[in-house]
Amino acid sequence: MTVLQKQKYETGVFHKKGEQESVNNTRLIRSALISVYHKEDLDEILHLLSGIPAILYSTGGTLSYIKSLGLKAIAVEDITSYPSILGGRVKTLHPKVFGGILGRRDMLEDVAQMNKYEIPEIDLVIVDLYPFEETVSSGASFEEIIEKIDIGGISLIRAAAKNFNDVLIIPSQKQYPFLKSILENQKGNTTFEDRRKMANEAFRISSQYDNAIRNYLSTGHLPDGGLDLSGGVSLRYGENPHQSGKFYGNLDDVFEKLHGKEISYNNLLDIDAGINLTGEFDGPGIAILKHNNPCGVACCNNQVEAWQKALEGDPVSAFGGVIVANREISAGAAEEMNKLFFEIIVAPGYEEKALELLKSKKNRIILRQKKYSPPLKTVRTVLNGLLEQDRDKHVEKPGELKCVTNRTPSSGTIEELLFANKIVKHAKSNSIVLTKGKHLLGIGCGHVSRVDALNFAISKARATGKDLTGAVMASDAFFPFADCVEIANGAGIRDVIQPGGSVRDNDSIEFCNKQDMTMVFTGIRHFRH
């Protein structure tokens, strides 16, 4: 017995020397246990394994499928000398199966016991769990749902993941491409890092699966869009260079990166804010974001004109910002955009010439947005815990608005008011938005006073020579006094949209009536902190 083996035998501790040996040591896949629910895309994997050649072990429908391909496989029942029992509930739960997975190859006592009890080594475990969540979503009966709680499969996953020093676990169909690459490019040899990576993925899948079951048994339904906080991708840094940062999720589901430098923590916040805003526009729209707030927004069928109007919103703040569009970027628009220094552009597509123009800046990040579903919940840390809430998905419609003034706004004005309301919804509170002709004239956001937010919005509009006569005003929350409508009227604004709900709403309503202004209530507050 070597010193290392004696150390592992007596203490079970992997010191750095032993760990480094594992890191540098590869394991050839000589045997595989395969137990899957879905058989799609498995045939190529099976042929590659047989070509090594690797011994295949299986049971039930998977065994039949392997043999239907003309490949040889050994039934698990032939190893355990026990049949599948209790209606298939117990098939792989046996010491000869789990011993073959959990046995430590470099521990002499484990090897001796495996030889004594004729336990075959298993180097690879492929599992695809019973579709519990799909069964719940299908409206199946309680009894059918309970039968889709996988026991053997989840046990195999955890056992193989625990012994990743010797065994590779493939815990779902999504990891088939990873295994295929190992079989083709590494001739079936797995590295320590390969096995550890899949072990991490295995425990993530196991955790999600158990959480779905727990949620169903406690509430009667599946988790509603919670976030997966396992793993995480390291970012260049956090909000500031002295802070580390990570992203949890799969950005490949959201966009394809076409060009530019690494995306940062702050970039992701701006991208998220821009996608959420432009996603609410029915027609073509462009938004320019700075520090998660819109500084330029316009909706127009002519994309060049939309860009020019968005830029007019605040050409100073637009410098170094993030551009998000909800339509393909044309060459004409790209040519105009390219005159401005900006960090990121996000759009569902780009004309070939547009992409060529935009790539002229080496570090500029260009993203092609995909269709995706954001989480149904938003989460943030606070004190020593987390706050969770439903995502604010409400978008006001004309029929929901309540006109509270003597004069009623025209249909065109209603459309403009709703446009302004969408922007104010996505600005930090307290926020006021001024728009005209479907483009942003001025915005005041993140102010501690609503009056300050309004005055700032007016000053921003006037600083760039904009005429506020005929503009509309949107507020993310109610007016506690009439001062805001008084200031707005003095600036030439005649139409207002706000949630309403103040005990002094009548003060604002009476002033609007005296000045022949219109005001509509949404009944929905859109605070954003």
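## A buried valine

Val424 is buried, because its relative accessible area is 0% and buried means under 20%. This is a predicted model. Val424 belongs to helix 17, which covers residues 411–425.

Leaving aside residues up to four places away in sequence, Val424 touches Ser431, Ile432, Val433, Ala474, Ser475 and Asp476. Val424 and Ala287 are 137 residues apart in sequence. In space, their C-alpha atoms are 13 Å apart.

## Tyr37 and Tyr130

A pair of aromatic rings is described by the distance of the centres and the angle of the planes. The structure holds 4 aromatic pairs. One of them joins Tyr37 and Tyr130. Their ring centres are 5.9 Å apart and their planes meet at 75°, so the pair is edge-to-face.

Tyr37 sits in the loop between strand 2 (31–36) and helix 3 (43–50). Tyr130 sits in the loop between strand 5 (124–128) and helix 8 (132–137). The pair therefore ties together parts that are 93 residues apart in sequence. Tyr37 is partly exposed, at 34% relative accessibility. Tyr130 is partly exposed too, with a relative accessible area of 25%.

## Phe319 and Phe341

Phe319 and Phe341 form a tilted aromatic pair. The distance is 5.1 Å centre to centre, with 45° between the planes. This pair links distant parts of the chain, 22 residues apart. Phe319 is in the loop between helix 14 (303–312) and strand 13 (322–325). Phe341 is in the loop between helix 15 (331–337) and strand 14 (344–347). Phe341 counts as partly exposed, at 47% relative accessibility.

## A charge over a ring

Arg364 lies over the face of Phe342. The distance to the ring centre is 4.0 Å.

Key: Residues are numbered from 1 along each chain as its sequence is written. This is a predicted model: local features need pLDDT of at least 70, side-chain atom pairs count only at pLDDT 80 or more; totals for chains, interfaces and linings use all residues. Side-chain values use heavy atoms; hydrogens and water are left out. Helices (H or I, at least four residues) and strands (E, at least two) are DSSP runs, numbered from the N terminus. Buried means under 20% relative accessible area, exposed over 50%, partly exposed in between (1.4 Å probe, protein chains only). Contact means heavy atoms within 4.5 Å. Rings of Phe, Tyr and Trp (its six-membered ring) pair if their centres lie within 6.5 Å; planes under 30 degrees apart count as stacked, over 60 as edge-to-face and the rest as tilted. A charge sits over a ring if NZ of Lys or CZ of Arg is within 6 Å of the ring centre and within 35 degrees of the ring normal.
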